[in-house]
Amino acid sequence: MINLTINGAAHAVDASPDMPLLWVLRDKLGMTGTKFGCGIAQCGACTVHVNGVAMRSCVTPVSAVGDAEITTIEGLSEHGDSPLQKAWVAHQVPQCGYCQSGLIMAVDALLKVKPKPTDAEINAAISNICRCGTYARVRDAIHDVAKA
Amino acid sequence: MNKIFKLDRRNFLKASAVAGGGMMLGFHIPAANAAVTKESEVNAWIVVNSDDTVLIRVAHSEMGQGSMTALAQLVAEELDCNWSQVKTAFVDPRLNITRKKVYGGMATVGSRAVRTSQEYLRKAGAGARDMLVRAAAQTWKVPAGECTAKAGVVTHTASKRTLKYGALAEAAAKLAPSADVALKDPATWTIAGQPKMRLDMQDKVMGKAVYAIDIMLPDMLFAAIAQSPVFGGKLKSYDEAAIKNFKGVRQVVTLENAVAVVGDSYWEAQRAVRALPVVWDDAGNGKVSSASIAQFLDEGLKMDGAPVARNDGDVAKAMTTAVKTVSAEYRVPYLSHAAMEPMNCTVRFTDDGLDIWAPTQNAEAILNAAARASGLDPLKINVNLTYSGGGFGRRGGAAAGDYVDQAVLIAKAVGKPVKMIWSREEDIQHDFYRPISSAKMTAGLDASGMPVAWNTRISGHSILTTANPSALKDNMDVGFLVLFADNVYDVPNMKVDFALRKTHVPVGYWRSVNHSQNAYFRECFVDEMALAAGQDPYEYRRKLLHKAPKQLAVLEAAAKAADWGKPLPAGQFRGIAQIDGYGSYVAAVAEISMKPDGSPKVHRVVTSVDCGYVVNPDTVRAQLEGATAWALTALLYNEITLKDGRVEQGNFDRYRMLLAADMPKVEVVLVPSGGFWGGIGEPGSPPVGPAVVNAMLAATGKPSRSQPLIKRGGAASA
């Protein structure tokens, strides 16, 4: 059994040590807010926080997480009303929405270390793929949160 | 009932007759088999609940384009309900069978959701309002004409008595609908026409929006699949012993052209299927390459006797009068959809039928595919509808049943519920691709520089070869020639013909479909003509559009918003393009500078759109912003190439997507002229690519006649 702390709760999971965290979350724990997009850390749909740092969970073996604190989109806020989520709604960012869990988690991690990121810093840090092309609103929403 | 999705019925129904006994998802999740209570179902589209909430049924798919909200706005507008009390539910496709197609066509393709259903949806809303008003009038024993409805309340004007819709629904449902209820003048709209917040937003920022890939069922197993890498190929043999020690593997299932491994988790199944040695029969297609296909298309550009779609005047004769001739060949590659939610399907056989979940643009197509694959009566098939993580045409066409067929057959073989997920590699390598196409255009210009003759040969792989071969009469597909066969530029002598090319690659509908390549061919060639004539490409188009006022209006709107003609910072250049399509008119101006590698840096894109009536202006803006990213991704990066009969790209490392860093500033100018209903999902992207390429022409004086501009490895193409 592997012991994990996810969104503040303890979980014991029967999984291979090399199973990526993404699939532990989705298939073992039924936490499906974190998405599968590519499996090779290219798209970022699977982004979660490990000790507050954005990680692409599709290539993160569960054994590598240890006793770190894992935060998923489900744990970002209880009612979906964090400043970032509110800005996302205000700007009507999502379209299909599939990539947005990962995008929001990536941006949230960025804002933790750079509360007022420049465009260049956003470009460098946010490499998530959004096939619907919501990037312009993503940027506007980030700047809105940074202003607050 | 599984532990992930708790049944949350709330108080939205007066009774609890759950149709079909299938699994109900939470109310915020559009449930296919939404419960029906006769008392409160005012008509097929509208259920008014005792707490005054209104359930509006949506027959089209929500894959990001926003029509779930827009369609509800149209109904709510005429219903005069309180928008904050509106909920939606997707229509169970079985209901569309048993109710004799009352919900119309459910295919969510061709930017058609709003424009093909707006009339019957508005009538449904108006008809229900009329019934609610008459129910109130009966209660008060007053003429209905003395009552008005607003925000979910009926008022008897004289006595100031009021009744809420929730209290009237049961009586209203018993009334016969009126034969003809007048619809509102769109100028008076207060719900439609407004930038209402999308109804799916909150769930989508919380990770709570449910996609088919998220479905978890008790006792469910997971399947990963390997399909014949060469299109048309078949499974010959495989060596199961090679994976016999793999953990979490339950079973190998063989299909005609694929092999699936079923396991305890998707990852374990996928790891095993990737390690499984498989021998394929390539059906004789194993030598096809991009080079051989390119040669085949080039032969099409030269061949004699191509069927003619349009032949105005006498092109050959007019060419002899030209003082200058412009000629060019343009080329585009096959493209993959790459929706972010990979293809997947979950199937659970029940005592007498099956439950199915799949991302789709057409719930009826899922139903039919599942019926075909299982041999079950369609009425025994419970299609559970969810949001779709993108679609872009991949999940809506006639051939879209491939993933459904597979999951049904696998679940049948396993005897347990199975969720099948394609890896991203399977997704990109087993698509129905945007067709490869080439165009050879020749124009003859007169002394004033304007074209007197324009000859176009298109050589390409018609979608009908895959989607509907019987529609290909005499090797002609006029749809493949869109923007040429119906070219609105005023050129007196115009000829358009077509060399049909069919390869073993499956082709299909990809966002903007044939507009995606033909806008590039046509609009860049117009700039080549303007350059040869020494004229400004915007003014040149204005002259050619003197008989096309709507196209001219969006062109002028985009040019004005983009300050066409005014100076730009040093090193920046503008390009312009315009198209009509899907009932709408769109123009774009791009501002670029050239990078040292010869590719463009796109700084700003201004697009203008006339879609007639606007149902949700923010959704229109979002679609045009997204369409800009879609267009730039294809223009800059995308190319599906073939070697040994198979696709060379497999994942986003080799099939690159536009990222935030590449996204230009986008300004959308809405210039709705009213009086018609145009689509919005598809027409936004076609003018963006050519506007960028035309800006490159302005920058360098050299045309860019093939896509993508950046070939794999980073170097810009010639």
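This is a predicted model: local features need pLDDT of at least 70, side-chain atom pairs count only at pLDDT 80 or more; totals for chains, interfaces and linings use all residues.
Residues are numbered from 1 along each chain as written, with chains lettered from A and ligands numbered from 1 in the order written. Local features need pLDDT of at least 70, side-chain atom pairs count only at pLDDT 80 or more, totals for chains, interfaces and linings use all residues, and side-chain values use heavy atoms, without hydrogens and water.

**Chain A**

Select strands 2-1-5-3-4 of chain A, in that order: they form an open sheet with mixed pairing. Helices (H or I, at least four residues) and strands (E, at least two) are DSSP runs numbered from the N terminus, and two strands pair if DSSP finds at least two bridges between them. At the edges are strand 2 (9-13) and strand 4 (53-56) of chain A.

Next, select I6(A), which stands opposite I70(A) in strand 5 of chain A. Strands 1 (2-6) and 5 (69-71) of chain A run parallel, joined by 2 bridges.

Contact means heavy atoms within 4.5 Å.

**Chain B**

Move to the open sheet of 7 strands in chain B, ordered 10-11-8-18-15-16-17. Its edge strands are strand 10 (249-255) and strand 17 (381-384) of chain B.

Select V347(B); its bridge partner in strand 16 of chain B is I356(B). Strands 15 (344-349) and 16 (354-357) of chain B pair in the antiparallel sense over 4 bridges.

Finish with helix 10 (402-414) of chain B, which packs on the sheet and touches strands 8, 10, 11, 15, 16 and 18 of chain B.

Methods:
Axes are lines fitted to C-alpha atoms, for helices over the stretch in contact, and angles run from 0 to 180 degrees between N-to-C directions.
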